[in-house]
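This report describes a predicted model. It covers strand pairing, the domains, the nonpolar core and the ligand surroundings.

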Amino acid sequence: MGGFFGVAAKRDCVLELFYGIDYHSHLGTRRGGMAVYGENGFDRAIHNIENSPFRTKFDKDVNSMKGYLGIGCISDYEPQPLLIQSRLGSFAITTVGKINNADELLQQLYNDKQSFQEMTSGMVNATELVSALICTKDSLLEGIKYVQEVIDGSLSLLVMTRAGIYAARDKMGRTPIVLGKKDDAYCISFESFAYMNLGYKDYKELGPGEIDFVTPDGVEVLAEPRDEMRICSFLWVYYGYPNATYEGVNVEEMRYRCGEKMAMRDGGSIHADMVAGVPDSGIAHAIGYSNEAHIPFSRPFIKYTPTWPRSFMPTNQNQRNLVAHMKLIPVQALIDGKSMVLIDDSIVRGTQLRETTEYLYESGAKEVHVRPACPPIMYGCKYLNFSRSKTEMELIARQVIRDWEGDFVPAEVLKEYADPTSDKYNKMVDEICKRQNFTTLRYNRLDDMLDAIGIDPCKVCTYCFDGKE
Ligand code: SF4
């Protein structure tokens with residue numbers, strides 16, 4: 001998915017920028033980048049972070065870069081931030097989101113005789129496309145508003161000029177932007193916790209579609225927030241770091257509530273020796289379940305963190321499966337002869353969870369009752385570059401449905417499968433349980449998950465579970 005961070009300070013901001021970006025490392029695996037503006041003009045560095053963390057890769061840049069304005073990112077796809085020289089002036093730009101109509105937008109720009117650099121993948125850099133769209137208008141502000149309107153998908157961005165930083169949140173607020181403040185600086189962040197240790201206090205959260213201009217002296221609202229919002233529910237369930245808070249709802253607390261809800265639905269019917277979570281995001285859901293069900297929380301496998309510090313690498317699926325397997329080491333003494341409730345944030349393809357369960361049985365587990373913290377994923381994400389699922393047919397729920405219904409499944413039939421009160425849903429869950437070799441399987445319900453988030457459900461995106469736009 002990716003995340004970004006920016007600083008506007010009355011003194012050099014490079015070190016703060018460096019740490020602020022680094023705290024977004026859980027959101028992407030491919031590239032990191034930072035751009036600054038100061039006495040020496042614009043400066044920028046981009047590195048591949050697939051095999052070593054952001055901090056290691058940017059160690060040298062921090063010492064050589066200078067500037068009082070800065071933006072940077074962790075990117076799952078294209079290299080960024082980009083430095084652009086245009087008729088609207090020089091600027092640096094970084095983006096988070098997904099552009100579904102990139103081909104159509106590119107064609108419009110080609111018709112205007114524009115050209116783009118080609119990335120090694122043969123694609124045009126999505127951030128470059130956004131900057132070109134911005135530059136079709138008469139001011140940066142008009143250009144950013146235009147981009148918010150024409151992009152199908154989602155897009156939040158930071159644009160840094162010589163005077164300050166434009167922060168624009170996606171028009172439906174699928175991803176967050178928050179501002180922090182201290183005496184001599186403001187910062188702009190995807191993750192709210194990223195600035196806490198840098199001495200900033202919460203200043204404000206941008207609303208959907210809001211555009212602010214941030215300088216070392218203050219924040220000006222250039223476009224008011226819209227009413228309608230669809231913030232991604234997966235931020236709480238899986239993507240977000242436990243310390244993060246979105247729309248006033250902390251990730252860790254939300255996960256405890258999800259666990260509680262799942263325990264309440266089980267209603268004391270599971271007599272297990274322990275509740276365990278698949279690290280990392282399953283842990284908090286498991287704590288919530290354990291507290292509610294009064295079944296001890298335990299860690300039957302523990303992540304080997306000294307050499308596998310990152311939670312989300314690499315992007316190649318086979319390598320990722322191998323890494324996931326290598327990272328987890330069983331605590332044999334806790335598993336042998338025991339039954340457990342095993343909580344994961346979600347089941348996407350099912351491959352990793354099946355391997356984990358097999359490995360628990362091999363280590364002597366008697367029963368593994370699986371409780372995913374979100375409903376079955378039925379649709380691929382249209383709004384974010386959600387790198388866990390490439391196509392809908394890789395989703396385990398869709399594989400089962402295809403085996404029964406064929407390749408073309410009418411939308412109404414899919415909706416039935418997504419309804420936890422329908423026979424089709426129950427049949428599908430039983431089949432997934434059988435294929436995955438779990439003792440029992442019960443997914444968290446969508447209404448319970450939304451209750452656990454606790455904000456107005458109309459403001460939360462649930463498209464991947466129920467297909468509602
Ligand atoms: S479709 Fe799913 S992953 Fe994508 S924004 Fe909506 S809730 Fe998030």
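S7 and S8 run antiparallel and are joined by four bridges. Together S7 and S8 make a hairpin, with four residues between the two strands. Within this pairing, Val159 has Tyr166 of S8 as its bridge partner. Strand S8, residues 165–168, also pairs with strand S12 (residues 211–215), again in the antiparallel sense and over four bridges. Here Ile165 has Val214 in S12 as its bridge partner.

In a regular strand, side chains alternate between the two faces of the sheet. Strand S8 has both faces covered: Ile165 and Ala167 lie on one side, Tyr166 and Ala168 on the other, and all of these residues are buried.

## Nonpolar core

The largest nonpolar core contains 146 residues. Leu158, Val159, Met160, Ile165, Tyr166 and Val275 have the most contacts inside this core. Both domain 1 (2–229) and domain 2 (234–466) contribute at least three residues to the core.

Which residues does Leu158 touch, not counting residues up to four places away in sequence? The contacts are Phe4, Gly6, Ile71, Thr94, Ile165, Tyr166, Ala167 and Ile188. Three of these names, Ile165, Tyr166 and Ala167, belong to the buried residues of strand S8.

## Domains and their contact

The protein is divided into domain 1, residues 2–229, and domain 2, residues 234–466. Taken over C-alpha atoms, the domain centres are 32 Å apart. The contact between them takes 21 residues from domain 1 and 20 residues from domain 2.

On the domain 1 side, strand S6 (89–99) and strand S7 (153–160) are the elements that give two or more residues. By class, the domain 1 side has six nonpolar, nine polar and six charged residues.

## Parallel sheet

An open sheet of four strands has the order S17-S20-S21-S22, and its pairing is parallel. Strand S17 (274–277) and strand S22 (440–441) are the edge strands, each pairing on one side only.

Strand S21, residues 367–372, pairs with S22 in the parallel sense over two bridges. His369 stands opposite Thr440 in S22.

## Ligand surroundings

There are 12 residues around the ligand, and Cys232, Cys381, Cys461, Tyr463 and Cys464 come nearest. What classes of residue make up the shell around the ligand? The shell has nine nonpolar, two polar and one charged residues.

Technical notes. Residues are numbered from 1 along each chain as its sequence is written. This is a predicted model: local features need pLDDT of at least 70, side-chain atom pairs count only at pLDDT 80 or more; totals for chains, interfaces and linings use all residues. Two strands pair if DSSP finds at least two bridges between them. Domain bounds come from an automatic or database domain assignment. Two residues are in contact if their C-beta atoms, placed from the backbone, lie within 7 Å. Ala, Val, Leu, Ile, Met, Phe, Trp, Tyr, Cys and Pro count as nonpolar, Asp, Glu, Lys and Arg as charged, and the others, Gly among them, as polar. A nonpolar core is a set of buried Ala, Val, Leu, Ile, Met, Phe, Trp, Tyr and Cys residues joined through C-beta atoms within 7 Å. A residue is buried if 20 or more other C-beta atoms lie within 10 Å of its own, exposed if 12 or fewer, and partly exposed in between; C-beta atoms are placed from the backbone. A residue is near a molecule or strand if its C-beta atom, placed from the backbone, lies within 6 Å of it.
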